[in-house]
Amino acid sequence: MARIIPVLTLILAVATARVAKSESPKEVLAQINKDSFGNSVLSVLQLQLATGGPVGEIQILLNNIASQLNGDQKKADKVHESDTVAFEKIIADLEQEIAYHQTQIVALSNLRDSTTEALGEAEVEVRVVTSDIANNEKSFADESATRQSQHDTWVRKDAEHVDQIDAIDEASKIVQHLQAGVAFAQLKSRFEKVQAKLMESKHALFKPLINALTQLASKVDNKSIIKILELLAQIRQQLVASRASLLATEERQAANWEVQSGHLQEEHKRLVERKAFLENSIVQFKVTIQEAVEDLEDQTLFLEDAEDSLAIQERWAAEQESQYEAQTFEREQYIMEVV
């Protein structure tokens, strides 16, 4: 039917004398005759003119053409309606796809930004925790060294007290032997060893005792012996009390260190676990950021493709609509002229 319209236009132009001045009626008729439909119309006209047949048959032909044009318009209307429904579905789907990609882009951008912020905070905190671990380990080492020094001092002083008490006990035995009438000459070797040991200690507590023992070595008398035995008993009592005090201090310091070291170890465990958690989080954050960036790039490309498709569909729809309206207008004009 598309070829009928221009031919029909020429025929109508000839019938109504609406031809261009540059074209003669013969030229127009020659153009019509070149088309099969135009040739058919001219043949009917020639036949009618040659036989003197009724001109009404030509009108019947034109009515048939008008009817065919109406039929073509109805078909075109149905195609247009169907295309419009399909187009609206495609547009709706594309707009929904565009909205989805836009939502994904916003969500991925927020995920990337929030995770980047969390990554920065975790990296700062892991440096702080690493420093705290180093300080904790230094504190433990320093306090452990202090505690070991305290213990070593106690061991040394306790050993000194044991030696001093042993020396006092040995001195007491020697003096008691002298009191019992044993000759000093028999005890001299033991006496000198005890005296030397007491002098080595350089303890101010032993000075009166050393002087008394020195006098006893030159002159043995019962009064001096009793005085020395009392002095030995007093010194031994003081040494035992001092040793007990040192032991109590050692036990208290050991108990304090047990508590303190427990706190330091618990804190160290907590810090190490926190650092491990942060380091694992940093790895996960970096993976999340990388995946978000990649997905963001993909969604951006998908969005651009969907927007391009929408633009293409809209242009195609506009072209189809324009073509439909133009063809409809032409058919309406021809039908009006034919009828």
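Is Arg243 buried, partly exposed or exposed, and at what relative accessibility? At 32% relative accessibility, Arg243 counts as partly exposed, because that class lies between the 20% limit for buried and the 50% limit for exposed. Please keep in mind that this is a predicted model.

Let's start with the partner of Arg243. Its side chain meets that of Asp158 in a salt bridge, with 2.6 Å from N to O. This pair links distant parts of the chain, since Asp158 belongs to helix α4 and Arg243 to helix α7, 85 residues apart. Asp158 has a relative accessible area of 13% and is therefore buried.

The structure holds ten salt bridges, and here are some of them:

| Salt bridge | N to O distance |
|---|---|
| Arg112 with Asp113 | 3.0 Å |
| Glu250 with Arg147 | 2.5 Å |
| Asp158 with Arg243 | 2.6 Å |

Glu250 and Arg147 meet in a salt bridge, and this pair also links distant parts of the chain: Glu250 sits in helix α7 (residues 222–338) and Arg147 in helix α4, 103 residues apart. Both Glu250 and Arg147 are buried. In the bridge between Arg112 and Asp113, Arg112 is partly exposed at 26% relative accessibility, and Asp113 is partly exposed at 42%.

A search of the whole structure finds one cavity of 30 Å³ or more, and the largest cavity has a volume of about 30 Å³. Helices α4 (56–179) and α5 (184–201) each supply at least two residues of its lining. Among the lining residues are Ile174, Phe191, Gln195 and Leu213. By class, the lining has six nonpolar residues, one polar residue and no charged ones.

Definitions and conventions:
Residues numbered from 1 in each chain as written. Predicted model: local features only at pLDDT ≥ 70, side-chain atom pairs only at ≥ 80, totals over all residues. Heavy atoms only, no water. 1 Å grid on protein atoms, 1.4 Å probe; cavity = no way out; pocket = protein on both sides within 12 Å on 5 of 7 lines; lining within 4 Å. Points joined across faces, edges and corners; volume = space filled by probe spheres on them. Helix = DSSP H or I, 4+ residues; strand = E, 2+ residues; numbered from the N terminus. Nonpolar A, V, L, I, M, F, W, Y, C, P; charged D, E, K, R; others polar. Salt bridge = Lys/Arg side-chain N within 4 Å of Asp/Glu carboxyl O. Buried < 20%, exposed > 50% of the residue type's maximum accessible area, 1.4 Å probe, protein only.
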